[in-house]
Amino acid sequence: MAAKISSYLIWWTAYVPVLAVAALVLTWGRELSPSIVALTAVLLAAAVLAAVHHAEVVAMIWLPGPRLLGLGATQMVLLALTVVVGTLTVVPGRATVLQGGVHRALLAAFLFLAASP
């Protein structure tokens, strides 16, 4: 019984991305109720988790030794600050294209430095 349940739990990583793409195609460019938007967002988030699951499985098979699959608390705060500042200045149109490029370059540099050992 437990093996049967665990085999069903593994299959969610195959079904959820297909459901998420179908939901995205059906809802793209339409006026939707908040509940449909929330359902589509949950499906897309689950599809991302399925992709991460597959990446972790491949990493466990191919990469020897311990892996650090995440950022520390300080790095997360700096990443959030960079994203928020970039979004608050670029999205409303208060920044020029050059300033937006600088924000993206800073974010890319932060991600590069955070990922390096």
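Modeller: Let us begin with a definition: a helix is a DSSP run of H or I with at least four residues, numbered from the N terminus. The model is a predicted one, and Thr-40 is found in its helix H2.

Biologist: What makes residues 34-62 a helix of the expected span?

Modeller: Helix H2 has 29 residues, and the expected span is 42 Å at 1.5 Å a residue. From the first C-alpha to the last, H2 reaches 42 Å, which is close to that expectation.

Biologist: Why is Thr-40 called buried?

Modeller: Buried means under 20% relative accessible area. Thr-40 has 9%, and therefore Thr-40 is buried. Leu-43, Ala-46, Ala-47, Ala-50 and Ala-59 of H2 are buried as well.

Biologist: Which residues does Thr-40 touch, not counting residues up to four places away in sequence?

Modeller: Thr-40 touches Ala-23 and Thr-27. Contact here means heavy atoms within 4.5 Å.

Biologist: Why is Val-58 called partly exposed?

Modeller: Val-58, also found in helix H2, has a relative accessible area of 40%. Partly exposed lies between the 20% limit for buried and the 50% limit for exposed, so Val-58 is partly exposed.

Biologist: Which residues form a nonpolar patch on the surface?

Modeller: Val-58 belongs to that patch, together with Val-57, Met-60, Ile-61, Trp-62 and Leu-63. Their accessible area together is about 650 Å².

Biologist: How many helices and strands are in the protein?

Modeller: There are four helices and zero strands. Buried residues make up 15% of the 117 residues.

Notes. Residues are numbered from 1 along each chain as its sequence is written. This is a predicted model: local features need pLDDT of at least 70, side-chain atom pairs count only at pLDDT 80 or more; totals for chains, interfaces and linings use all residues. Side-chain values use heavy atoms; hydrogens and water are left out. Helices (H or I, at least four residues) and strands (E, at least two) are DSSP runs, numbered from the N terminus. The expected span of a helix is 1.5 Å times one less than its number of residues. Buried means under 20% relative accessible area, exposed over 50%, partly exposed in between (1.4 Å probe, protein chains only). Patches are made of residues with over 30% relative accessible area and no salt bridge: like charges are joined within 9 Å, nonpolar side chains (Val, Leu, Ile, Met, Phe, Trp, Tyr) within 5 Å. Accessible areas come from the Shrake-Rupley method with a 1.4 Å probe; for residues, only the protein chains shown count as cover. A salt bridge is a side-chain nitrogen of Lys or Arg within 4 Å of a carboxyl oxygen of Asp or Glu.
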